[in-house]
Amino acid sequence: MRGFQRAAIFCGVAFAISVWSVLLARTHPFGDAGLDAVSVVPRRVMDHAAVPPAVRAILNEKCADCHSAQTRAPMYARFAPASWWMERDIVEAREAMNLSLWGRYSAEQQEALAAEIVIRAKSRTMPPVEYRLAHWNARMTDMDVQALTQWARNTSPQDFDAGGQALTEGDALRGEDIFERRCTGCHAMEQNRDGPRLRGVFGRMSGAVTGFDYSPALARAHIVWNQATLEQWLADPETLVPGNNMEFHVAKPQERRDLIRFLRDGAGK
């Protein structure tokens, strides 16, 4: 009899906790990610974007739960505090990149985001470890990384002026504008981010920034960054240093000149 009473009390307490957890999940301390309105309709992100079907499938399966408006919420997302942690991550992820809004990004923004996707995929920092533990099929395979890398290299706009207009000397002000628009997602002047700090990069040896975790390929490259090597690096990092982690490149020769001039003169030492 006492065992039955204890079991009944336990069930009652568990039920009460579950009810409160569900009710608390209706609050949104970190922002409302719309988990209550998740649809069972098959997700179709980037359907009308100029993205290869294989890449679109990877992004749909492994990135869109956080980086789109079409989140598929698991059962535990109905209960607090798990719902709060999920919403926090989803809101932050959508602010960084929303695949549902891909068509609204400029060509330069798409290029920069594609490059960052590859960097994160190569380093296996995306999807995050905690997400991969709960969703094993979300881990990035070598084939996924290869497909994403090929896509990222083809997202840059073509240099339509290359054959019809002579290149001018690099301009530091234009280069600074390019840096602010296209490089600050991974780089800063004074601190390490996904890439090393760039203050004083001109004339510096590759792999020399203290505290930054370089790829083995770049750490042993021993390249001095000057006009010629930065030109090669920005045009195609993989050709200059095979196996490095940087996928971003600057397709237009004039923009490379401007950016190099900024790194040489405008960025200071």
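The model is predicted, so local features need pLDDT of at least 70 and side-chain atom pairs count only at pLDDT 80 or more, while totals for chains, interfaces and linings use all residues. Residues are numbered from 1 along each chain as its sequence is written, and side-chain values use heavy atoms, with hydrogens and water left out. The protein chain has 11 helices and zero strands. Helices (H or I, at least four residues) and strands (E, at least two) are DSSP runs, numbered from the N terminus.

**The whole chain**

- Along the sequence, the pattern reads α-α-α-α-α-α-α-α-α-α-α.
- The protein chain has 269 residues, and 41% of them count as buried.
- Buried means under 20% relative accessible area, exposed means over 50%, and partly exposed lies in between (1.4 Å probe, protein chains only).
- The protein chain exposes about 15400 Å², with carbon and sulfur atoms supplying 58% of it.
- Accessible areas come from the Shrake-Rupley method with a 1.4 Å probe; for residues, only the protein chains shown count as cover.
- Take the contacts between residues at least 6 apart in sequence: 61% of them join residues at least 24 apart.
- Contact means heavy atoms within 4.5 Å.

**Helix 4**

- Helix 4 covers residues 107–123, which makes 17 residues.
- At 1.5 Å a residue, helix 4 should span 24 Å; its end C-alpha atoms are 25 Å apart, which agrees.
- The expected span of a helix is 1.5 Å times one less than its number of residues.
- Buried residues of helix 4 include Glu 111, Leu 113, Glu 116, Ile 117 and Val 118.
- Arg 124 follows helix 4, and its phi is positive, near 60°.

**Helix 6**

- Helix 6 has 12 residues, 142–153.
- Asp 144, Val 145, Leu 148, Thr 149, Trp 151 and Ala 152 are buried in helix 6.
- They cover an arc of only 165° around the axis, which puts them on the same side of helix 6.
- The arc is that of the directions from the helix axis to the C-beta atoms.
- Asp 142, Met 143 and Gln 146 are exposed on the other side of helix 6.
- Helix 2 (53–62) and helix 4 are among what covers the buried residues of helix 6.
- Ala 147 also lies in helix 6.
- Ala 147 counts as partly exposed, at 23% relative accessibility.
- Leaving out residues up to four places away in sequence, Ala 147 touches Val 55 and Ile 58.
- Ala 147 and Val 118 are 29 residues apart in sequence and 9.4 Å apart in space, C-alpha to C-alpha.

**Aromatic pairs**

- The structure holds five aromatic pairs.
- The rings of Trp 102 and Tyr 105 have centres 6.0 Å apart and planes at 85°, so this pair is edge-to-face.
- Phe 179 and Phe 262 form a tilted pair, 5.5 Å centre to centre with 45° between the planes.
- This pair links distant parts of the chain: Phe 179 is in helix 7 (residues 172–182) and Phe 262 is in helix 11 (residues 253–266), 83 residues apart.
- Rings of Phe, Tyr and Trp (its six-membered ring) pair if their centres lie within 6.5 Å; planes under 30 degrees apart count as stacked, over 60 as edge-to-face and the rest as tilted.
- Phe 179 and Phe 262 are both buried.
- Trp 102 is buried too, with a relative accessible area of 3%.
- Ring pairs link Trp 102, Tyr 105 and Trp 151 into a cluster.

**Nonpolar cores**

- A nonpolar core is a set of buried Ala, Val, Leu, Ile, Met, Phe, Trp, Tyr and Cys residues joined through side-chain atoms within 4.5 Å.
- The largest nonpolar core has 27 residues, and those with the most contacts inside it are Phe 179, Trp 225, Trp 233, Phe 248, Leu 259 and Leu 263.
- Helix 4, helix 7, helix 8 (216–219), helix 9 (227–235) and helix 11 each give two or more residues to this core.
- Helix 11 gives the most to this core, with four residues.
- A second, separate core of 23 residues includes Cys 63, Ala 64, Trp 102 and Trp 151.

**Two residues to look up**

- Beyond its neighbours within four places in sequence, Leu 259 is in contact with Gly 175, Ile 178, Phe 179, Cys 183, Leu 234 and Val 250.
- Glu 255 is in helix 11.
- Glu 255 counts as buried, at 15% relative accessibility.
- Not counting residues up to four places away in sequence, Glu 255 touches Glu 108, Ile 178, Arg 182 and Val 250.
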